[in-house]
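Trainee: Could we go through this structure together? I would like to start with the overall layout and then turn to particular residues.

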Amino acid sequence: MDFEWDDGKRRRILEQRALDFASADLFFDGRPAIHQSTPRGAEERWKTTAVIDQAYFTVVWTWRADTIRIISMRRAHEQEIRKHREAHGG
């Protein structure tokens, strides 16, 4: 699976949230995750929530051909955590 992102945004998120887009592959490595459609205008976007290092995180992404383009990464919101727990326990 290939990933891409805007390097400026990656640096901002890394500075502001200490989260690195370069580790987005962890959301797609087979661990239990919740994938939800979250369209923005005409662009089909997705948010994926997973547990990484015993904490809940969400990545927002879209397909660009066969590549996953990372848009944002953050700590999961409470409703995302609840949906993950409902689906996978915990």
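**Layout and local detail**

Mentor: Helix α1, residues 7-17, lies across β1 and β5, and runs at about 20° to β5. Please keep in mind that the model is predicted.

Trainee: How many helices and strands are there in the protein?

Mentor: The protein has two helices and five strands. From the N terminus on, the elements run β-α-β-β-β-β-α.

Trainee: And what is the order of the strands in the sheet?

Mentor: The order is β1-β5-β4-β3-β2, in an open sheet with mixed pairing. β1 (2-5) and β2 (33-37) each have a single partner strand and stand at the edges, so one side of each is left without a neighbour in the sheet. From one strand to the next, the twist averages 35°.

Trainee: How many bridges join β2 to β3?

Mentor: Five bridges join β2 to β3, residues 46-52, and the two strands run antiparallel. Within this pairing, Ser 37 stands opposite Trp 46 in β3. Helix α2, residues 78-88, packs on the sheet and touches β2, β3, β4 and β5, with its direction at about 125° to that of β2.

Trainee: What about β3 and β4, how do they run?

Mentor: They run antiparallel and are joined by seven bridges. Trp 46 stands opposite Trp 61 in β4. The two strands form a hairpin with two residues between them, and Asp 53 in that turn has a positive phi of about 50°.

Trainee: Why is β3 described as largely enclosed by the rest of the structure?

Mentor: The description holds because five of the seven residues of β3 are buried.

Trainee: Back to α1 for a moment. What does the side chain of Asp 6 reach at the start of the helix?

Mentor: A side-chain oxygen of Asp 6 comes to within 3.0 Å of the backbone nitrogen of Gly 8. After the helix comes Ala 18, with a positive phi near 60°.

Trainee: Which side chain makes a polar contact with the side chain of Thr 58?

Mentor: The partner is the side chain of Glu 80, at 3.0 Å. Leaving aside neighbours within four places in sequence, Thr 58 is in contact with several residues, among them Phe 27, Thr 48, Met 73 and Arg 75.

Trainee: And Gly 41, where is its place?

Mentor: Gly 41 is in the loop between β2 and β3. At 75% relative accessibility, Gly 41 counts as exposed. Its C-alpha atom is separated by 29 Å from that of Arg 85, 44 residues apart from it along the chain.

Trainee: What share of the residues is buried, then?

Mentor: Buried residues make up 38% of the 90. The accessible surface comes to about 5600 Å², and 45% of that belongs to carbon and sulfur atoms. Among contacts between residues at least 6 apart in sequence, 42% join residues at least 24 apart.

Methods
Residues numbered from 1 in each chain as written. Predicted model: local features only at pLDDT ≥ 70, side-chain atom pairs only at ≥ 80, totals over all residues. Heavy atoms only, no water. Pairing = 2+ DSSP bridges. Helix = DSSP H or I, 4+ residues; strand = E, 2+ residues; numbered from the N terminus. Axes fitted to C-alpha atoms, helices over the stretch in contact; angles between N-to-C directions. Contact = heavy atoms within 4.5 Å. Polar contact = N/O pair within 3.5 Å; in protein donor to acceptor, adjacent residues only side chain to side chain. Buried < 20%, exposed > 50% of the residue type's maximum accessible area, 1.4 Å probe, protein only. Areas by Shrake-Rupley, 256 points an atom, 1.4 Å probe, with all protein chains shown as cover.
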